[in-house]
Structures are given as structure tokens and as C-alpha cells.
Amino acid sequence: IEQKKPKGTGDAVAACRPSLNGKKGHCLIWYGDNPLIEPKTLCDFVQKTRAAGAALGFVTTRLKAPFGYGRVVRNGSGDVMKVVEEKECSGTERNIDEVNAGIYCVETGWLFPVLQRLKPHPITGEYYLTDIVEAAIQSRSKLLGFFSESADEFLGVNTPCHLSLVNEIMRDRLVERARDGAGHGEGSRLPRREGGPHRRRPPHGKRFVPGAVPQGPRHPDPGS
């Protein structure tokens, strides 16, 4: 599918409409730079969205440093009242640590008419997919905020530092799964990632390529 002229994430999803050939039901939407999402998380999310009869479900999680993310505001009953973007947050809203992870399960019959009504951003001229949450709230459509404790799953890769972090997490996952699957105990020969304050890290702005063997003395991680 080609987005002939990039006009934002909302326009990108709208460009997919012809390929659906009028099919009805829920579709799953998420960004392409989230490689750590587990299939079980997505399956649970879709199942609960459908079971709730929601026109729109979106995933939320909690971050220790939520800067840059839209904050999820709920009422006393736990229902989503609104999602406030960082630049529009009040002092109280900025302290909220529940954020929109950017993963949506949407009923197609509801989605595409809403996308047609989205307004372009006054500065960028782009159409933002995140605006469909506000559209659901304003139209009183059934909305589900699906909370997940697994914040690591929703890490996006936007910088070399992000890529390094995601690689570490994925390696740890694979090692643990191999160890569990092979029934290894304390005597396991499967490698563990070197941890602790003396973990080897590449110099700032550099990265280790696969197969690299670091040489020289270990130095404490300045962030430890």
C-alpha cells in the first residue's frame, strides 16, 4: 500500500481503505517501530475490544518518564475521559503516568467515516491518527482503554540509543525462553547478558557490531 503524499498517520490509515474491499469488523493498527510487542498482548487486546462491543480500543501503559506521550485521563469509574497531548497538559495532567501507547483496534465501519472528518493540524497540515480517540469521546462511541503493565513492549525505535536498548531486551527474552524451553537450571550453559555496574557499553555515539569482542579494562556505567 502506498501513501502517495505523506500527510500524517491518519491519512496513512485512510490509504488502506481500498485494500479492505469493504470488509467489516475490527482492524488492528500499530506503528512499525515497536518490535517488542508480544502476540499474546495483541490477541488479548483485540479479544477484549470485541467483547466490550467497542468501536475503538487503544492500548495504554505506565511510564516512569512519560514526557512526549499523550496522557490518559480517567474518571472515578476508570472510564477514559480524554487523552491530552504533552504540549496541552495542565500541571496536574502532566503528572499522570498512564499514556497512549499508539496501538488501536477499530471497527472499520466506524473508522473510515471518522478519518474523513479529521481536521489537519494547523501547523503541519497533517492528519493525526491519535485524534480518533477524541472523536470517539465526542461522539459518545463505545471506547476501551486497554491497560498493559508491560511497558517495555511499547518502546519505539527512534534513535541508536533506543535500538541498543531494544536489542538488549530482546536478547534477554530469547535467552530466558531458550533456557526455559531446554529445562536448564542453575547449571545452564546458556549465556546471560553481562549485567551490573560494570556491563560493557560502547563509547558514546558508537555501537558494537555482531561478533565484536570488547577489549581492555571494564569501566563503571556512568548511569549506574
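Which residues is I132 in contact with, leaving aside its neighbours within four places in sequence? I opened my notebook with that one, keeping in mind that this is a predicted model.

**Entry 1: I132 and its contacts.** I set aside the neighbours within four places in sequence and found I132 in contact with L56, Y104, V106, W110, L111, V114 and L115.

**Entry 2: the core around it.** Next I looked up the largest nonpolar core, and it has 22 residues. I132 is among those with the most contacts inside this core, together with L56, Y104 and L111. I then listed the elements that give two or more residues to this core: β1, β2 (56–62), β4 (80–84), β5 (98–107), α5 (108–117) and α6. The largest share comes from α5, with five residues. A friendly reminder to myself: in soluble globular proteins, nonpolar side chains tend to be buried together.

**Entry 3: two positive phi angles.** I turned to the backbone and stopped at N21. Its phi is near 55°, a positive value, and N21 is not a glycine. I located N21 in the loop between α2 (17–20) and β1 (26–29). Is N21 buried or exposed? Exposed means over 50% relative accessible area, and N21 has 65% relative accessibility, so it counts as exposed.

R140 came next, with a positive phi of about 60° although it is not a glycine either. I found R140 in the loop between α6 (131–138) and β6 (143–147). R140 counts as exposed because its relative accessibility is 78%.

Technical notes:
Residues numbered from 1 in each chain as written. Predicted model: local features only at pLDDT ≥ 70, side-chain atom pairs only at ≥ 80, totals over all residues. Heavy atoms only, no water. Helix = DSSP H or I, 4+ residues; strand = E, 2+ residues; numbered from the N terminus. Buried < 20%, exposed > 50% of the residue type's maximum accessible area, 1.4 Å probe, protein only. Core = buried A, V, L, I, M, F, W, Y, C linked by side-chain atoms within 4.5 Å. Contact = heavy atoms within 4.5 Å.
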